Amino acid sequence: MIVVIGGGAAGLMAAISAAERGAEVTLIEKNNDVGKKIRITGKGRCNVTNACPTEEIFENIPTNHNFLYSAIYSFTNYDTMDFFESCGVELKEERGQRIFPVSDKAADIVSALKKKAAQLKVKTVFDRAVEITTDEDRVSSVKCEKGTYFADSVILATGGKSYPLTGSNGEGYVIAEKLGHTISKIKPALVPIETVEDTSELMGLSLKNINITLLDKNGKKKFSDFGEMLFTHFGMTGPVILSSSSHMGENPEGMKIEIDLKPALDEVALDKRILRDFEKYQNRNFENSLSDLLPNKMIDYVVMRSGIDRYKKVNSVTKEERRNLLMALKNLSFTVKKYRPVEEAIVTSGGINVKEINASTMESRKVKGLFFAGEIIDVDAYTGGFNLQIAFSSGHLAGEKAADREENL
């Protein structure tokens with residue numbers, strides 16, 4: 001008997017992988033349904049994986065990517081796509097080679113996993129696991145609030161500590177620690193950023209096709225990305241901001257995020273564009289001359305950052321002042337105050353120390369028959385479908401090797 005703890009992406013894939021090899025599998029999920037976190041990924045659309053060449057996946061995993069070679073090459077991003085399409089989910093590719101269901105419904109991904117597990121006779125139990133018991137350094141059972149489940153192998157796939165309302169509240173770390181495992185420091189990854197500057201007047205403003213540059217405290221470029229972002233009452237979030245957070249380290253305070261609002265235009269071309277708009281609105285106040293260039297919600301903020309008197313007539317704006325406007329458009333700078341709490345992170349950085357896991361099997365080096373999969377392990381990746389791919393790959397390998405182990409008992 002194989003018991004899988006956690007009905008998220010990694011746990012569901014582990015259960016399916018083990019059952020495909022003929023193992024008897026029980027999946028334990030503490031929520032009243034599986035796949036709760038999958039349903040909210042990609043704004044409810046679910047960025048399943050990425051269509052980049054498989055070897056490029058490792059470039060998008062900043063933490064312990066070497067550990068994942070066996071897992072990812074044994075179940076690649078192309079295998080993930082094949083799996084869901086074989087389950088009847090049509091997929092499509094978007095910017096950055098991100099893969100989504102054609103329906104734009106994350107629920108379709110959950111339904112496919114549930115249906116496949118049911119077809120393979122995976123037994124799903126809605127209960128909360130509290131302890132894994134052992135007998136002579138070998139797993140023997142999983143104790144839950146409502147009962148005990150005997151097991152030859154256990155796959156722990158409870159997720160990290162982000163989005164606790166979906167069930168990822170760090171309980172798996174406690175279970176693993178009791179069995180002698182070391183937990184690397186838990187911190188947020190892919191997390192919104194609080195800024196020193198007040199962004200409340202920009203709250204809800206979404207910017208598309210912008211470029212951001214992350215500068216360290218010495219002004220040295222650390223990261224750059226093109227895409228979308230969103231202003232909030234506390235600062236910023238959205239794909240490019242979340243990706244930049246992975247490059248900020250333990251203490252992001254004092255780092256700068258520079259936004260290029262018009263990356264398609266170099267400074268010369270943008271200055272010409274500004275002059276055309278000024279000519280068009282030459283008798284208006286400066287604040288009323290930017291409606292063709294910026295979203296309405298952004299105008300007041302850019303006017304303030306430019307330092308130009310908002311009531312100054314456009315035909316009186318000097319070349320030096322125009323240069324200030326140009327800088328506000330090409331280098332709109334914000335100072336990082338801190339990360340938002342780990343509970344708001346898309347994924348958690350930190351987890352089970354990879355040195356304590358056999359990378360070729362996902363089995364614990366400390367307890368026989370104990371396997372790990374997904375975010376509970378100290379691995380994390382950038383946005384773009386890479387974190388879900390880690391979940392599917394590690395889950396698949398753990399399920400496969402747990403089934404092989406059971407067969408050889």
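**Salt bridges and surroundings**

Mentor: Happy to. Let's begin with R273 and D277, which are both buried; buried means under 20% relative accessible area, exposed over 50%, and partly exposed in between, with a 1.4 Å probe and protein chains only. This is a predicted model, where local features need pLDDT of at least 70 and side-chain atom pairs count only at pLDDT 80 or more, while totals for chains, interfaces and linings use all residues. Residues are numbered from 1 along each chain as its sequence is written, and side-chain values use heavy atoms, leaving out hydrogens and water.

Trainee: Thanks. Where do R273 and D277 lie?

Mentor: R273 and D277 both sit in helix α9 (residues 267-280), four residues apart, about one turn of the helix. Helices (H or I, at least four residues) and strands (E, at least two) are DSSP runs, numbered from the N terminus.

Trainee: And what do the side chains of R273 and D277 meet in?

Mentor: A salt bridge, at 3.4 Å from N to O. The term covers a side-chain nitrogen of Lys or Arg within 4 Å of a carboxyl oxygen of Asp or Glu.

Trainee: How many salt bridges does that rule give?

Mentor: The count comes to 24. One of them pairs E171 with K30, at 3.0 Å from N to O. E171 lies in helix α7 (residues 171-178) and K30 in the loop between β2 (25-29) and α2 (36-40), so this pair ties together parts that are 141 residues apart in sequence.

Trainee: Nice. What about accessibility for E171 and K30?

Mentor: E171 is partly exposed at 22% relative accessibility, and K30 is partly exposed at 31%.

Trainee: Which residue forms a salt bridge with K280?

Mentor: That's D292, with the closest N and O atoms 2.8 Å apart. K280 lies in helix α9 and D292 in the loop between α9 and α10 (296-306), so the pair ties together parts that are 12 residues apart in sequence. K280 is exposed, with a relative accessible area of 55%, whereas D292 counts as partly exposed at 34%.

Trainee: Which residues do salt bridges that share partners join into one network?

Mentor: K30, R128, E145 and E171 are joined that way.

Trainee: Let's zoom out. How many helices and strands does the chain have?

Mentor: There are 12 helices and 21 strands. The C-alpha trace spans about 85 × 40 × 35 Å along its principal axes, and buried residues make up 56% of the 409 residues.

Trainee: What share of the contacts joins residues at least 24 apart?

Mentor: It's 72% of the contacts between residues at least 6 apart in sequence, where contact means heavy atoms within 4.5 Å.

Trainee: Switching topic: is F150 buried or exposed?

Mentor: F150 is exposed, with a relative accessible area of 64%, and it is found in strand β9 (residues 148-150). Leaving aside neighbours within four places in sequence, F150 is in contact with M1, V3, S140 and S141. The C-alpha atoms of F150 and S140 are separated by 5.9 Å, with the two residues 10 apart along the chain.

Trainee: Last one: where does T232 lie?

Mentor: T232 lies in the loop between β14 (221-231) and β15 (235-237). T232 is buried, with a relative accessible area of 10%. Not counting residues up to four places away in sequence, T232 touches T199, S200, M203 and T237.
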